[in-house]
Amino acid sequence: SFPVCQAADSSYIYNIQQQATMATGFMIKSFAAAGIGAFVETKYGPSLQPTGPAGLSPLFAATPLVLIGVGFYTLTMGMEVGKARNKYMELAKKDGEKEVEERYGLPNLYAQGTSKHAKAFNAVQRAHQHIFETFTTVSIFGLAGALELPICTAISTMIYAYGRRIFSNNYSQSEGDVGQRYSKNPHARLFWVGMLGNMVLGVISCVKILSKARLAE
């Protein structure tokens with residue numbers, strides 16, 4: 001049994017290493033794409049006069065507009081969680097599960113247990129909760145990026161919104177098979193591209209603003 005366990009451990013470690021390598025490559029590509037976009041917009045983009053409120057470029061509004069759309073989508077996902085809770089509670093009762101109200105009902109965030117209905121509901125809940133893990137980061141970096149790089153940041157934020165919607169829909173419709181959150185539609189990974197892109201663009205934008213302030217002294 002020892003060789004079998006050793007082989008299993010080696011396979012597990014290899015899979016982890018492969019995933020880490022893929023994740024690193026994905027991050028590098030996302031950062032590089034955002035950096036190139038920032039360079040192109042800075043060097044070849046239109047001259048944007050700060051004619052909007054508070055001395056901002058009119059195109060600044062594109063990024064918060066996309067973020068507002070994501071906010072509305074998050075609200076609708078919350079409503080879907082409520083519907084799913086009632087749906088899977090009823091199915092659990094029909095299948096003879098015990099203590100359904102206590103396990104599925106509020107104030108429980110997730111349903112307790114490992115039945116197929118509990119897993120299906122938890123996937124819907126997780127699809128909603130997962131949005132909050134990235135939305136704040138995307139919003140802060142996006143608003144910062146839009147100050148100096150409104151075009152690239154708006155595009156990056158739209159990529160995030162597109163991928164986020166696909167990822168959340170995949171997750172909520174997986175019936176507990178959470179591997180479908182990516183496999184059902186590979187475009188789900190694009191929300192990571194948008195988030196990482198906004199991080200890079202936000203940093204570059206802040207550096208540009210600080211550089212201008214220093215030169216003005």
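**Loops, helices and contacts**

Author: Let us start with Glu175, which lies in the loop between α5 and α6 (180-183). Please keep in mind throughout that this is a predicted model.

Reader: Okay, and what is the phi of Glu175 like?

Author: Glu175 has a positive phi of about 55°, although it is not a glycine. Most residues other than glycine have a negative phi.

Reader: Is Glu175 buried, exposed or partly exposed?

Author: Its relative accessibility is 46%, so Glu175 counts as partly exposed.

Reader: Let me zoom out. How many helices and strands are there?

Author: The protein chain has seven helices and zero strands. Of its 217 residues, 37% are buried.

Reader: Now the helices themselves. How do the axes of α2 and α5 sit relative to each other?

Author: The axes of helix α2 (residues 62-94) and helix α5 (residues 150-172) come within 8 Å and cross at roughly 10°. Angles under 35 degrees count as roughly parallel, and the two helices are therefore roughly parallel to each other. The α2 side of the contact includes Ala62, Thr63, Tyr73 and Met77, while the α5 side includes Ala154, Tyr160 and Ser168.

Reader: What classes of residue make up the contact of α2 with α5?

Author: There are 11 nonpolar, six polar and one charged residues in it.

Reader: You mentioned Ser168. What does it touch, and is it buried or exposed?

Author: Leaving out residues up to four places away in sequence, Ser168 touches Tyr73, Met77, Ala127 and Ile131. With 0% relative accessibility, Ser168 counts as buried.

Reader: And Ala154?

Author: Ala154 is also found in helix α5, and it is buried, with a relative accessible area of 7%. With residues up to four places away in sequence not counted, Ala154 touches Ala62 and Thr63. Ala154 and Leu59 are 95 residues apart in sequence, yet their C-alpha atoms are 8.5 Å apart in space.

Reader: Are α4 and α5 roughly parallel or roughly antiparallel?

Author: Their axes come within 10 Å and cross at roughly 180°, and α4 and α5 are therefore roughly antiparallel to each other. The residues of this contact divide into 11 nonpolar, seven polar and three charged.

Reader: Switching topic: which residues touch the most other members of the largest nonpolar core?

Author: Those are Phe135, Tyr160 and Phe167, in a core of 19 residues. The elements that give two or more residues to this core are α2, α4 (116-148), α5 and α7 (190-216). Another core, of 12 residues, lies apart from it, and among its members are Tyr88, Ala111, Ala118 and Val124.

Reader: What does Phe135 touch?

Author: Phe135 touches Leu67, Val70, Gly71 and Tyr160, again without residues up to four places away in sequence.

Reader: Last topic. How many salt bridges are there?

Author: The count comes to five. In one of them, the side chains of Glu97 and Arg103 meet at 2.9 Å, N to O, and both Glu97 and Arg103 are buried. Glu133 and Arg126 also form a salt bridge, at 2.5 Å, N to O. Here Glu133 counts as partly exposed at 48% relative accessibility, and Arg126 is partly exposed as well, at 23%.

Reader: Which salt bridge ties together parts that are 60 residues apart?

Author: Glu148 pairs with Lys208 in a salt bridge, where the closest N and O atoms are 3.9 Å apart. Glu148 lies in helix α4 and Lys208 in helix α7, so the pair ties together parts that are 60 residues apart in sequence.

Notes
Residues numbered from 1 in each chain as written. Predicted model: local features only at pLDDT ≥ 70, side-chain atom pairs only at ≥ 80, totals over all residues. Heavy atoms only, no water. Axes fitted to C-alpha atoms, helices over the stretch in contact; angles between N-to-C directions. Helix = DSSP H or I, 4+ residues; strand = E, 2+ residues; numbered from the N terminus. Parallel < 35°, antiparallel > 145°, perpendicular 65-115°, else oblique. Contact = heavy atoms within 4.5 Å. Nonpolar A, V, L, I, M, F, W, Y, C, P; charged D, E, K, R; others polar. Core = buried A, V, L, I, M, F, W, Y, C linked by side-chain atoms within 4.5 Å. Buried < 20%, exposed > 50% of the residue type's maximum accessible area, 1.4 Å probe, protein only. Salt bridge = Lys/Arg side-chain N within 4 Å of Asp/Glu carboxyl O.
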